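Dear colleague,

I am passing on the structure we talked about, together with some notes on what came out of going through it. Please look at the sequence and the coordinates first, and then read on.

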Amino acid sequence: MSVDRTMTPPQKPLVIANRLCKTFGGGRSLLGASAPALKAVNDVSFEIFPGETLGLVGESGSGKSTTGRVLLQLEEPTSGDIIFKGQNLTGLSKSLLKPHRRDMQIIFQDPYSSLNPRMTVGEFVSEPLIVHGVATNKSERNDRVAALFRKVGLDPSFMTRYPHEFSGGQRQRVCIARGIALDPAFIVADEPITALDVSIQAQIVNLFQDLQDELGLTYLFIAHDLSMIRYLCHRVAVMLRGRIVEIGPCEAIFENPQHAYTQALLSAIPVPDPRIERNRKPITFDVSANLPPEEATLQPVGDRHFVLR
Amino acid sequence: MAPLLDIRNLTVVFDTPAGTVHAVNDVSYTIEEGETLGIVGESGSGKSVHALSMVGLIARPPGRIVSGEVYFKGRDLLKLSQRELFDLRGKEIGFVFQDPMTSLNPVLTVERQIAEPLRRHFNLSKSQARERVVELLELVGIPNARERIGQYPHEFSGGMRQRVMIAIGISCNPKLLIADEATTALDVTVQAQILDLVRDLKKKIGTTVIWITHDMGVVAGLADTIQVMYGGRIMERGPVDTVFEDPRSAYTWGLLKSLPHGGKRGTTRLYQIPGNPPNLINEPIGDPFAPRNTFATERCLRETPPLQQVEGSVPGHKAAVWYDLREELKKQEAKV
């Protein structure tokens, strides 16, 4: 089953996730007892079109980060396929996968732990260029890194500095510079603004937008801040316990949410306006009492809008 | 009536190998009984450190309280002995910290952890304490409380663990509850439940609350008074409705303006505050936000503005500014 089939896009999807499953545990332990398997990602299908931003939201443990990692083959799916630019990536050997790797990158949540403290930030950004044999000449490489620094709003003179000299927002800019170093087509951004100071978040959101406009990037944007999702994304997928319970254009999801969980999630966003916020009544949703039934499938409810029923 | 808490000129520094970090600079404010104060700020704003230092919860060294007085019910907390603070914490002033994963002891049952302050402060017997623990867990909305008191923290979900933390915080009916980013690590749906619970508890037991967060939305729904901190100083403070509607500090204004406010994709670009948070190792001179403030004047860089009543606004609306934000915004509008 593949969602979004009703859409008649001018172009083919860049990324297709087809019935992805990722199960953790379940193997036999030393003493022969089998642990219960955890279905972190359970039958997840979606498509992302070139230049599009798909938002992925859900509570912690819903499988949104795992979906992102499986999509980039950082973890192997238990079953299902990932089609990238028309080619099935699942089951490819490391060497066959390598040329695809430069085309898909990830940006992590915490720019404090995702930078190497013993590397200058310039070395950190040039590393992918070395690994993939791009710009083998050192001065050429330096020029490219300097250009990348400028592109993400950092002064190229910072290249020789170490991560501890930078603030969180600057570190995230360094990570983004590395992420775009190889001109990727697709970037998974896993909660990239969550760990940043509030006065910095808008800077990074704008940078993501600018880079998309400039480089035609395609994003899977994983977040729990729904107001930022609405601002950034074309479409949103809502995950609950490993399944997509609702997916559709941003407007459809925010204006006309169909799944009870989506409704609860939207009603829980604090509104930065005292007059509204004081009288807001969040809808409660007990996840354990309302687990999506195993046999439920995504049903169309509107234009490109699907809900698990 | 005297305020419940009266902080005067509190200044806290940390002596580190890299230099002296000026974490809290000359912070003064009061909180009335029954009031909910929402303190907003980013990391390094001094919002957590000032709260921890007033009850002796920062490590000294490297921390050092340079000056100040903190009157709580008429006593200066900074002059109390460790023993006296020990009697006060938990009983008179309750705390709820950010991370329920690390603030609960994983090898003690939930009952032990909630009962500890009760038994210490009120000399309750084991069975009396147990009754109170069950009552507290029911109050914070944990189902089957009686069966669950013997369980360990890992058997509770994140939201339930945070409820346990709140139960510990309010166990002795404290006069003042200080919650430091108490819902930040939680999912929004769980956060909504916890905020509801706090509002409910205020109605039932009338606790005075200091709610420290970086989320403007949370403050909007919970607080009577908002206090915005930056670079170890109070930038602005006042009734929530007034400050959200008519901010006078460029920092408050920028924070509010940089939020998407339900904006859709493809609408206007988000307003962004330029620059980066201040380095607190440098001796604080002038308005800490001045280097990032497009409205800053020469004076802002040289001289620290005092926190003063905003002329023409409601009583209690104070801002630490040398410029007139309303005038500056008008000028900016005229230019466009």
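In this predicted model, the secondary structure of chain B consists of 13 helices and 12 strands. The radius of gyration of chain B is 21 Å, close to the 20 Å that the globule rule gives for 336 residues, so chain B is as compact as a globular protein of that length. Taken along the principal axes, the C-alpha atoms of chain B fill a box of roughly 70 × 50 × 45 Å. Of the 336 residues in chain B, 53% are buried, and among its contacts between residues at least 6 apart in sequence, 65% join residues at least 24 apart. The accessible surface of chain B comes to about 14800 Å², with 51% of that area belonging to carbon and sulfur atoms.

Chain A can be described in the same terms. It has 10 helices and 12 strands, and its C-alpha trace spans about 60 × 55 × 50 Å along the principal axes. A compact globule of 309 residues would have a radius of gyration near 19 Å, and the 20 Å found for chain A agrees with this. Buried residues make up 55% of the 309 residues in chain A, while residues 24 or more positions apart account for 67% of the chain A contacts with a separation of 6 or more. Chain A exposes about 13300 Å², of which carbon and sulfur atoms supply 51%. Its side chains include 33 positive and 33 negative ones, and the centres of these two sets lie 4 Å apart.

Next, the interior. In soluble globular proteins, nonpolar side chains tend to be buried together. In this model, the largest nonpolar core has 97 residues, and those with the most contacts inside it are A:Phe46, A:Leu71, A:Phe186 and A:Leu220. The element that gives the most to this core is helix α6 of chain A (residues 198–215), with seven residues. There is also a second, separate core of 37 residues, which includes B:Val140, B:Ile142, B:Met165 and B:Cys172.

From B:Ala220 to B:Glu236 the separation is 16 residues in sequence and 15 Å in space, C-alpha to C-alpha.

The other position is B:Asn293, which is found in the loop between α11 (250–257) and α12 (298–302) of chain B. Is B:Asn293 buried or exposed? Its relative accessibility is 8%, so B:Asn293 counts as buried. Leaving aside residues up to four places away in sequence, B:Asn293 touches B:Ala250 and B:Tyr323.

With best wishes

Technical notes: Residues numbered from 1 in each chain as written. Chains lettered and ligands numbered in written order. Predicted model: local features only at pLDDT ≥ 70, side-chain atom pairs only at ≥ 80, totals over all residues. Heavy atoms only, no water. Core = buried A, V, L, I, M, F, W, Y, C linked by side-chain atoms within 4.5 Å. Buried < 20%, exposed > 50% of the residue type's maximum accessible area, 1.4 Å probe, protein only. Helix = DSSP H or I, 4+ residues; strand = E, 2+ residues; numbered from the N terminus. Rg over C-alpha atoms; globule rule 2.2 N^0.38 Å. Contact = heavy atoms within 4.5 Å. Areas by Shrake-Rupley, 256 points an atom, 1.4 Å probe, with all protein chains shown as cover. Lys, Arg positive; Asp, Glu negative; His and termini not counted. Charge placed at Lys NZ, Arg CZ, Asp CG, Glu CD.
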